[in-house]
Amino acid sequence: MLAQLTDNALAVLRARYLVRDHGIVVETPDQLFERVARAVSAAEAGMAGARSTPAGAAEIDAARVTFERMMKSLEFLPNSPTLMNAGRPLGQLAACFVVPVEDSTTGVFEAVRWAAEIQKTGGGTGFSFSRLRPAGDLVASTGGSASGPVSLMQVFNVATEAIKQGGTRRGANMGMLRVDHPDILEFIAVKLDPTRMHNFNLSVAVTDAFMAAVAAGTAYDLINPRTGAVVGQLDARRVLDAIGNAAWACGDPGMVFIDRVNDLHPTPDLGAIEATNPCGEQPLLPFESCTLGSIDVGRFVATGGELDWPRLAVMIHDAVRFLDDVIDANRYPLPEIERATKATRKIGLGVMGWADALAALGVAYDSDAALALADRLATFLERESLAASAALAERRGAFPTWHGSRWQRAGHVPLRNATTTTIAPTGTISIIAGCASGIEPLYALAYRRNVLDGAELTEINPSFQRVARARGFGSEALFAQIAEHGGVRGRRDVPDDVQRVFPTAHEIAVSSHVGMQAAFQRHVHAAVSKTINLPRGATAADVKAAYQLAYELGCKGITVYRDGSREGQVLVTGARTEVVAAAPACPDCGSALIVQSGCRLCRNCGWSACG
């Protein structure tokens, strides 16, 4: 039986997921989940060759029934492309892809073509531009000068704009550049101009050597990727300041701790990981893809003030089976992607509704108890998902590149999947499930929503509304006032214990945000997508502190967004463009500065300041 869908969920399903015929919706939500369950479970028929006991029609039908129940209860949902495309002609079910960008004109435009093939099927793409020679470097074939990675990224941005992922999902990209690339300052500054790279998230691939130089207060080497030669140095603390200041001003770039990613990635014999998917939670080898799914843990709160661990274990095992089936049910956009994906069979099972679960349990998000429960949940998710993958390996065989993997070297029993866990942002599927996204705190307890007829409705978090009514302090006036401010901490008309249990994103300290991400990361095979949401009044020093704390606590990456940081007029000048007369000059080297929202950044020497 289909669980109750919210108005927002129905609107999203109608707009993007339900089948249409000549623009008319001809599918119900019930039929959507039936379509997906039927298509995914049917893949088990093709796995008979790897089984000692082939799957029969009855077993496949039982899997279909189980998959339907998981989704219709809204306890588990797969990533959007699976919901959109399973059982339909397109048939592309994965959300996350990484494609390589080689240092040649052919390599660049091949990557653009590959990205176009992926994005028109609903997938998001990640790229490392670190192999591209820097701007001004020699092009031997013509005797000219290279335009550099930042210039070439615009080609990818324009291609994404043209495709818009088949009209169902807007194109999304992750662009990464190593911190030791000679063009790193240009990369850090690129999104200070809002007309550039608006189809990209950006992250600096930060090395351990760079972070050590930050700690020591020393310079670090810049390396030309074409020659491997050291071509300059930059002050590490100054570059970290530039990253933090740019992120304070416009939300980009984030940071990915690339050495940590590679130290932990499961199949090192296949090469190094250079990039992640657009939201950063899935580091992937070139041409790999990954299918994701998330369990709404808010629906697993038992009556005794505890998570229902036995029922959650069953769901984890069923979800791992579902996601493994998706790998074989998928129609891949490129043969290279199918080969790379099936070589490692990575899946990413995660959670959503975490803030709802904590509120139902009476645990404040920014408390030691919440961090302890996060550690327990992540440990449980890892243990049970590995057990499920091992059970599948007994019947279906281990992933083909098992030998030489970190799992095999550590003496682990064979696994069906090289990774089993990921914490995704769940932006749209959490709307369908009617829960808080990923492991984020509640963004607001009440807000106003404009509906199609022009009316304005005040929507209240259901858990908070129930508590407010039951405790006798709820009123329409209170809910309307909260909609203006989002949260309740500091309000005299809300009991202290309720204020404590219902914090919102901007009321939570940076250390608690990052601490929660780290608690999950310790037990997650891929990475954790979480935005460290900061209030408008946060400083650039707060952003930099978040980045450093994430590294210290063992995170694989970090994204910070300051409320309102993408507002305001931007003036862009730079060393490689004609400088306008009024452009401010860098106090250290005299080069023109980029200026936005009170932040100034020099792309020549890295000097930056905000305020």
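The legends below describe close-up views of a predicted model. Local features need pLDDT of at least 70 and side-chain atom pairs count only at pLDDT 80 or more, while totals for chains, interfaces and linings use all residues. Residues are numbered from 1 along each chain as its sequence is written, and side-chain values use heavy atoms, with hydrogens and water left out.

**View 1. Helix H8 and its buried face.**
Helix H8 spans residues 208–216; helices (H or I, at least four residues) and strands (E, at least two) are DSSP runs, numbered from the N terminus. Phe 210, Met 211, Ala 213 and Val 214 are the buried residues of this helix, where buried means under 20% relative accessible area, exposed over 50% and partly exposed in between (1.4 Å probe, protein chains only). Seen down the axis of H8, these buried residues fall within an arc of 155°, so they line one face of the helix; the arc is that of the directions from the helix axis to the C-beta atoms. An α-helix has 3.6 residues a turn, so residues three or four places apart point the same way. Ala 209, Ala 215 and Ala 216 are exposed on the face turned away from the buried side. The buried residues of H8 pack against strand E9 (200–206), E10, helix H9 (236–250), strand E12 (254–257) and helix H21 (540–552), with contact meaning heavy atoms within 4.5 Å. Just after H8, Gly 217 has a positive phi of about 70°.

**View 2**
Strands E10 (residues 219–223) and E11 (residues 230–235) pair in the antiparallel sense over five bridges; two strands pair if DSSP finds at least two bridges between them. Ala 219 has Asp 235 in E11 as its bridge partner. Six residues lie between the strands of this hairpin, where Gly 228 takes a positive phi near 75°. Asn 224 is in the loop between E10 and E11 and is buried, at a relative accessible area of 4%. Leaving out residues up to four places away in sequence, Asn 224 touches Pro 134, Asp 137, Pro 182, Ala 229 and Val 231.

**View 3. Aromatic pairs.**
The whole structure contains 16 aromatic pairs. Rings of Phe, Tyr and Trp (its six-membered ring) pair if their centres lie within 6.5 Å; planes under 30 degrees apart count as stacked, over 60 as edge-to-face and the rest as tilted. Phe 76 and Phe 322 form an edge-to-face pair, 5.3 Å centre to centre with 70° between the planes. This pair links distant parts of the chain, with Phe 76 in strand E3 (residues 76–78) and Phe 322 in helix H11, 246 residues apart. Phe 76 is buried at 0% relative accessibility, and Phe 322 is buried with a relative accessible area of 0%. Phe 210 and Tyr 220 are also edge-to-face, at 5.0 Å centre to centre and 85° between the planes. Phe 210 belongs to helix H8 and Tyr 220 to strand E10. Their relative accessible areas are 1% for Phe 210 and 8% for Tyr 220.

**View 4. The largest nonpolar core around Trp 354.**
A nonpolar core is a set of buried Ala, Val, Leu, Ile, Met, Phe, Trp, Tyr and Cys residues joined through side-chain atoms within 4.5 Å. The largest core has 141 residues, of which Ile 184, Trp 354 and Phe 520 touch the most other members. Helix H11 (residues 309–329) contributes the largest share of this core, eleven residues. Residues touched by Trp 354 include Val 297, Tyr 365, Leu 373, Ile 439, Met 516 and Phe 520. A second, separate core has 19 residues, among them Leu 445, Val 488, Val 494 and Val 501.

**View 5. Helix H18 and the residues that follow.**
In H18 (residues 476–485), Leu 478, Phe 479, Ile 482 and Ala 483 are buried. Seen down the axis of H18, its buried residues fall within an arc of 140°, so they line one face of the helix. Glu 476, Glu 484 and His 485 are exposed on the other side. Gly 486 follows H18 and has a positive phi, near 95°. Gly 487, in the loop between H18 and helix H19 (496–501), counts as buried at 11% relative accessibility. Not counting residues up to four places away in sequence, Gly 487 touches Ile 482, Thr 504 and Glu 507.
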